[in-house]
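Me: I would like to go through this model with you, starting with how its parts meet. Could you begin with the term we will need for that?

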Amino acid sequence: VLAELIETFVSHLSESRSDCYFSMGNYKATDADVRKERLSSVQQLGVEMTVRYGKHLNLLKEHAENGLCFVLMNCEKFLKQQQRTVVSPLCCLQERYAGYDWFASSVFLIMSGDGEKTLTFLQRFSRLLVSAFLWLPRLHISMHLPVTTVESGIHPVYFCSAHHIEMLLKAELPLVSSAFHMSGFAASQICLQWITQCFWNYMDWNEICHYIAICIFLGPDYQIYMCISVFRHLQQDILKHTEA
């Protein structure tokens, strides 16, 4: 039901010019082209974890690896069309996105391992502003960002979402904010980890689905509210650890 709901919603928005923030470009997924590509060791490890998790949730069948590899390699080629060339010694600014694509993997599980549906959804979704915040590889060395921003190697999620989380935390949960300040560890660091991993390994699958759906339906600012609500939920534990 969730798969159909987000598919229909994103399909309608992506056909409306006023709702489209990015251009989609022309890209046709082909097996022949992506067969020549090879996933990095980090991506291969991510595929194994995703498939294992998907089978544990009874969402994936045998040979799901092939479908997920098809999605990831096509996403890489599709997003490459909207990247700029950057000469930098920073590892995170090399041609390939350094991490694993947790958002694409989450959508793959929501779509019950249907690679074609996942790819079609991601291509439409990439036109919407929310894709910049939920799907981190979307803006990797992107032509949609100013050159100075790209060269800094800092993702907009960090200086937009994480910055606002820090500001809201001070206002809404001053004790939690102080606890982080005293520890010398920024709350924004852990939030960036949560957001990058789509809350995998932190929340149950149902909650991960709710997080993705809420941000798609209500807007990317709900990413910030979600992190604040997690801190509110963990407040007593955080303060106990601070005392100890």
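Reply: A polar contact is a pair of N or O atoms within 3.5 Å; within protein, one must be able to donate a hydrogen and the other to accept it, and residues adjacent in sequence count only if both atoms are side-chain atoms. Please note that this is a predicted model.

Me: How many residue pairs are in polar contact between domain 1 and domain 2?

Reply: There are 2 such residue pairs between domain 1 and domain 2, both at pLDDT 80 or more. The count of salt bridges between the two domains is 0.

Me: Which helices supply the side of domain 1 that touches domain 2?

Reply: Helices H1 (2-14), H3 (41-56), H5 (102-110), H6 (115-125) and H7 (131-134) each supply at least two residues of that side. H5 gives the most, with 6 residues. By class, the side of domain 1 that touches domain 2 has 21 nonpolar residues, 3 polar ones and no charged ones.

Me: Where do the domain bounds fall?

Reply: The domain assignment of the protein places domain 1 at 1-143 and domain 2 at 156-243. Their C-alpha centres lie 24 Å apart.

Me: What area do domain 1 and domain 2 bury between them?

Reply: About 2,000 Å² is buried between domain 1 and domain 2, and 85% of it is on carbon and sulfur atoms. In domain 1, the residues that lose the most area to domain 2 are Trp102, Phe133 and Leu134, together 32% of what that side buries. In terms of contacts, 24 residues of domain 1 meet 21 residues of domain 2.

Me: Let us turn to single residues. What does isoleucine 195 touch?

Reply: Not counting residues up to four places away in sequence, isoleucine 195 touches Phe133, Leu136, Val157, Ser161, Ile165, Tyr211, Gln223 and Cys227. Isoleucine 195 is found in helix H11 (residues 187-196).

Me: Is isoleucine 195 buried or exposed?

Reply: Isoleucine 195 counts as buried because its relative accessibility is 0%.

Me: And where is histidine 155 found?

Reply: Histidine 155 is in the loop between helix H8 (147-152) and helix H9 (156-172). Its relative accessibility is 16%, so histidine 155 counts as buried.

Me: What does the side chain of histidine 155 reach?

Reply: The side chain of histidine 155 reaches the backbone oxygen of leucine 136 at 2.9 Å. Leaving aside neighbours within four places in sequence, histidine 155 is in contact with Ala132, Leu136 and Leu139.

Me: A change of topic: what is the phi of histidine 63?

Reply: Phi of histidine 63 is near 60°, a positive value in a residue other than glycine. Histidine 63 lies in the loop between H3 and helix H4 (64-80). With a relative accessibility of 63%, histidine 63 counts as exposed.

Me: What about the phi of asparagine 201?

Reply: Phi of asparagine 201 is near 75°, a positive value in a residue other than glycine. Asparagine 201 lies in the loop between H11 and helix H12 (205-218), and counts as exposed at 73% relative accessibility.

Me: Finally, why does serine 177 count as buried?

Reply: Serine 177 counts as buried because its relative accessibility is 14%, under the 20% limit. Serine 177 is found in helix H10 (residues 174-183). Leaving aside neighbours within four places in sequence, serine 177 is in contact with Leu169 and Lys170.

Key
Residues numbered from 1 in each chain as written. Predicted model: local features only at pLDDT ≥ 70, side-chain atom pairs only at ≥ 80, totals over all residues. Heavy atoms only, no water. Domains from an automatic or database assignment. Contact = heavy atoms within 4.5 Å. Buried area = accessible area lost by both parts, 1.4 Å probe. Salt bridge = Lys/Arg side-chain N within 4 Å of Asp/Glu carboxyl O. Helix = DSSP H or I, 4+ residues; strand = E, 2+ residues; numbered from the N terminus. Nonpolar A, V, L, I, M, F, W, Y, C, P; charged D, E, K, R; others polar. Buried < 20%, exposed > 50% of the residue type's maximum accessible area, 1.4 Å probe, protein only.
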